[in-house]
Amino acid sequence: MLYTIFKPVINFRIREDMDQAFVNQVQRINLLYLVISPMLLIAASWGLSQGNYSILLINGITFLILVTSFFLFPAAHKTNLSATILSAICGLLVLLSFTFNNGLYGSILVAFYLLYPFASVIIVESRKMLFPLILGLLTLAINYFPLGMPGVHLEGYNALVFFIAYAIVLLVSMYIDRGNMQYLAQTKEAKERYEAQVQEKDAFISRLSHGLRTSLSNIQLINNLVHDGRLSSEQKELLETLRASTNSLIEHVNNIVEIASPGNVDYKKSIVSFDLCKVIEEALGILDTSEADHPVNISKKGQLSHYLIGDPSLVRGLVVNTCKGLRRYLPEGKAIRLFIDNLQETASEVQIEFGFRFESPREKELFNYMDTLNRGGDISSSGLAVAHKLLREMESKLTIKNEGSDSLVSFCLDFTRDLTKVVQEESQSGQADETEESPVDLKDAEVLLVEDNDINQKIVILSLRKHVSKIDVAPNGKVALEMFGSKQYDLILMDIMMPVMDGITATKKIREIESTGGKHVPIIAITANALAGDRDNCLAAGVDEYIAKPFHTETLIEMMQNLLA
């Protein structure tokens, strides 16, 4: 009950994305404000009632200084300054009580003296013992050289006991502070070590999955190549057994990687000029192909007349991962309403809010999960966790709030307006659609295969030779970019994990080149990366289709034909 009443004061200006250790320190400072302020107010009221205007004046002025400091220098923003002011005021009050004998009983004064070092240690971040040490030295000087001040004067044995006790408290406070700092350092080190172990495990699982899937894919494709009418029934039976065993092994591999917390393909930031509406449509297309039970409806609260300069892959990735993360909390058939709003716009800059509004019976569970994310308590690869990580790197964050029967999850991004490019009207885009390239027959298509493994290159080419007659090979993304710049290709088959330049980076650079006005070339990601989030990362980077190894040749051929049609 009391905590609920005082919670706004204790958590004053604390944000959800702040580090927990920092939050604890801010809460301690605010709590001390909350304890000292009423005591000063009570003391000032008592001085007024007793006609003791010196007590009224001292406590009243100190109360006003304390309240002003609380609001002008909030601990959440000015931690060191706020803690220093509070510690100095508390020390000064204790010293004045000792010097001028403002009516406090001796036992209460001693209690304040002995508590002060502890209070200073828990709120001040640096030079924690400075104020307690200064207070002790000044008190010692005033006690033996009072200069006529009507304060408390300890003599003989009482003075010896008091100052020895104060010195012991100082030493104990220093010991406690040192132990606390060591504990925090050990905790931080243990957390970093655990996160490193998790990342190492994820990398191992990813490498293991990639290697197994690549080998299994080769076995399956070779099986398809030799499985024809010239084989005897016994040979066909042996190949069927091999195929069944391969499929069984694939299932076991899936079970192994399912229990892991796989890392995600990192987004490599690129800055290009792009049409936000087109990027959002691409993101919605990715979502429609992945799960149609939860449609996403879009609305815009502002009109963007120009292209934006930023990272379109980041925007796609954020929209896709946020929607996929929210779908886990929605009943089947429930839609997500995505709105885009221009919050702040100048001649050259624009801040855009992306909001996701929905109704969910699991609202409380979602709020708890978002709180866990903001506290840094989840390092998994769920959609919301990925979006949260990307936004933190952009110095933004996911926020959630309740709006009546709806919940709203949103984030903001800043962009530069590209004044050299104007967004086309719908009629113009319609005309542009009419001038699109005519369909290309797969047999005549110019295909670029980007694959670093020689064996994989040969097997893919052998699998496609009956259907595709023109296939060029690039051993990595860098060579693929050079070949893309020197020759017009109709379709690209892109591996993801490659040396020199990986497939994600190569895809993004190809899309950057196309954004200057080039023809859109379909890209199919053919990869052994089949862990959670890999498909979404590939699609968000700009690939048109994704197929995980091992795969059936017929499935790949059908994808290629659909993209060329």
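I'm working on a predicted model, where local features need pLDDT of at least 70, side-chain atom pairs count only at pLDDT 80 or more, and totals for chains, interfaces and linings use all residues. Residues are numbered from 1 along each chain as its sequence is written, and side-chain values use heavy atoms, with hydrogens and water left out.

**Entry: Arg357 and Glu403**

I looked up Arg357 and found it buried, because its relative accessible area is 18%. Its side chain meets that of Glu403 in a salt bridge at 2.8 Å, N to O. My rule for a salt bridge is a side-chain nitrogen of Lys or Arg within 4 Å of a carboxyl oxygen of Asp or Glu. The pair links distant parts of the chain, with Arg357 in strand β5 (residues 349–358) and Glu403 in strand β6 (residues 399–403), 46 residues apart. I take helices (H or I, at least four residues) and strands (E, at least two) as DSSP runs, numbered from the N terminus.

Glu403 itself is partly exposed at 32%. Glu403 also forms a salt bridge with Lys401, where the closest N and O atoms are 3.9 Å apart. Lys401 counts as partly exposed too, at 45% relative accessibility. Elsewhere, I noted that salt bridges with shared partners join Glu446, Lys470, Asp472 and Lys487 into one network.

**Entry: Lys508 and Asp311**

How many salt bridges does the rule give? I get 11. One I checked is Lys508 with Asp311, at 3.6 Å, N to O. Lys508 sits in helix α16 (residues 503–514) and Asp311 in the loop between β3 (306–310) and α10 (312–327), so this pair ties together parts 197 residues apart in sequence. Lys508 is buried, with a relative accessible area of 4%, and Asp311 is buried as well, at 5%.

**Entry: nonpolar patch**

I found a nonpolar patch of about 770 Å², made by Leu115, Phe118, Leu160, Ile164, Ile168, Val172, Tyr175 and Ile176. Patch members have over 30% relative accessible area and no salt bridge; nonpolar side chains (Val, Leu, Ile, Met, Phe, Trp, Tyr) are joined within 5 Å, like charges within 9 Å. Areas come from the Shrake-Rupley method with a 1.4 Å probe, and for residues only the protein chains shown count as cover.

Which helix gives the most to the patch? That is α7, with six residues. Both α5 (106–123) and α7 (156–226) supply at least two residues each. I picked out Ile168, which is in α7; Ile168 is partly exposed, at 47%.

Conventions:
Buried < 20%, exposed > 50% of the residue type's maximum accessible area, 1.4 Å probe, protein only.
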